[in-house]
Amino acid sequence: MSRLAPYATSRTADRRTPLRRAFSALRPPAADRGSALHAGAWWLWALGLAVAASRTTNPLLLGLLVGVAGYVVAARRTDAPWARSYGAFVRLGLAVIAVRLLFSVLLGSPIPGAHTLLTLPDVPLPDWVRGIRLGGRVTAEQLVFALYDGAKLAALLICVGAANALANPARLLKSLPGALYEAGVAVVVAMTFAPNMVADVMRLRTARRLRGRPAGGVRAVLQIGLPVLEGALERSVAVAASMDARGYGRTAQVPPVARHTTTTLTLGGLLGVCAGSYGLLAARGAGYGLPLLGAGAVAALAGLWLGGRRSVRTRYRPDRWGARAWLVAGSGAAVAALMIRAGGADPEALHPGVVPLVAPALPLWPAAGALIGLLPAFVAPVPRHASGAPEQDSRAAAPALKETAP
């Protein structure tokens with residue numbers, strides 16, 4: 001039996017070679033320091049979904065885009081504190097819809113309607129606020145229009161929340177150009193402070209409940225506040241010490257000509273990016289928006305590259321932009337491009353009418369294009385907790401918080 005075992009093993013391995021090796025090569029690897037997806041790819045993917053959401057008011061398409069973003073977040077987010085921000089963006093989107101409906105009811109709408117739902121008392125206003133009214137007739141048409149408008153803004157916020165939940169802000173900071181390093185540090189610290197504070201509050205409330213103490217009320221909030229502020233201060237001191245030890249803030253001498261050229265290219269490029277983005281988001285500006293956006297991006301990148309010569313710093317283990325990053329970013333760009341193309345070919349399907357009221361229909365080609373955004377859920381590296389490998393809790397490295405006695 002021992003002589004036949006190697007022969008049987010080799011035959012089994014040879015039998016599985018044709019298909020299984022090809023499948024294992026396509027299978028996404030477990031995410032670690034070397035194979036983690038570039039943070040910029042997640043942002044480009046999410047911005048592509050946001051551009052697609054900005055081109056339509058069809059609630060079915062908007063719901064499909066939100067579902068695509070939610071599925072990818074559920075499949076590929078980690079256990080880091082910033083990965084829990086997606087739920088907050090969803091609640092913020094629902095709040096935006098509620099506020100938009102409330103404003104439509106209280107302030108009225110220019111949308112004409114024949115289906116009156118209720119009539120509020122009309123509050124007289126002075127002449128200098130002519131054009132604004134309080135109260136009056138509330139129609140079904142204006143509420144549906146407000147619902148569509150609020151759903152579009154909510155979808156934009158949720159797409160941005162998906163990028164916040166998937167992209168590691170620290171790794172994104174490593175990929176920023178040298179000219180934006182100082183501003184990037186401030187942004188990353190601001191983005192990571194709130195999730196860490198929320199995690200501290202949840203941990204302290206759990207500790208109070210385990211000790212039989214109340215976790216709600218004004219008294220509990222006052223007693224939890226001091227340990228939370230103490231932990232935030234300790235983290236701030238630790239970050240400042242680490243930045244000082246790494247020589248943060250050192251600059252090199254740059255000739256005046258290079259400095260002026262950098263300023264001109266950066267400002268001109270950013271203005272071109274803003275104008276091109278407005279053209280893409282506008283109803284009829286897709287023709288000039290894309291070329292202007294591309295030219296502005298090239299000029300801005302050239303200015304940032306020249307400005308980075310002033311920043312003296314090195315990168316430890318820089319993130320690589322590999323094939324999977326191209327697939328993730330390209331899927332978001334494909335969703336945006338197909339939605340823009342569908343808006344030019346069939347604008348009625350992407351913007352259902354409200355006067356008269358009609359039920360929105362799901363257009364097949366834009367819906368199929370939105371499903372391309374699911375590609376990151378199958379090609380992006382799998383987080384360690386999802387792949388079965390042990391994951392080190394990032395909160396274990398944070399300083400322990402002490403609770404004050406009541």
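Reader: How close do the axes of helix α2 and α5 come, and at roughly what angle do they cross?

Author: Happy to walk you through it, and please keep in mind that this is a predicted model. Start with helix α2, which covers residues 39-54. Its axis and that of α5 come within 9 Å and cross at roughly 175 degrees. Angles over 145 degrees count as roughly antiparallel, so α2 and α5 are roughly antiparallel to each other. On the α2 side, the contact is made by W42, W43, W45, A46, L49, A50, A53 and S54. The residues of α5 that take part include K152, A155, L156, C159 and V160.

Now look at another partner of α2, helix α11, which spans residues 323-345. The axes of α2 and α11 come within 8 Å, with a crossing angle of roughly 10 degrees. Angles under 35 degrees count as roughly parallel, and therefore α2 and α11 are roughly parallel to each other. Among the α2 residues in this contact are A41, W42, L44, W45 and G48, and α11 brings residues including A325, V328, A329 and S331.

Next, follow the chain into the loop between α2 and α3, where you will find N58. The relative accessibility of N58 is 0%, so this residue counts as buried. Leaving aside neighbours within four places in sequence, N58 is in contact with A349, L350, P352, P360, A361 and P363.

Let us return to α5, because this helix also holds D149. The side chain of D149 meets that of R100 in a salt bridge, at 3.3 Å from N to O. D149 lies in α5 (residues 140-166) and R100 in α4 (residues 85-107), so the pair ties together parts that are 49 residues apart in sequence. In general, side chains of opposite charge can pair when their charged atoms come close. D149 counts as partly exposed at 29% relative accessibility, and R100 is also partly exposed, at 25%. A search of the whole structure finds one salt bridge.

Definitions and conventions: Residues numbered from 1 in each chain as written. Predicted model: local features only at pLDDT ≥ 70, side-chain atom pairs only at ≥ 80, totals over all residues. Heavy atoms only, no water. Salt bridge = Lys/Arg side-chain N within 4 Å of Asp/Glu carboxyl O. Helix = DSSP H or I, 4+ residues; strand = E, 2+ residues; numbered from the N terminus. Buried < 20%, exposed > 50% of the residue type's maximum accessible area, 1.4 Å probe, protein only. Axes fitted to C-alpha atoms, helices over the stretch in contact; angles between N-to-C directions. Parallel < 35°, antiparallel > 145°, perpendicular 65-115°, else oblique. Contact = heavy atoms within 4.5 Å.
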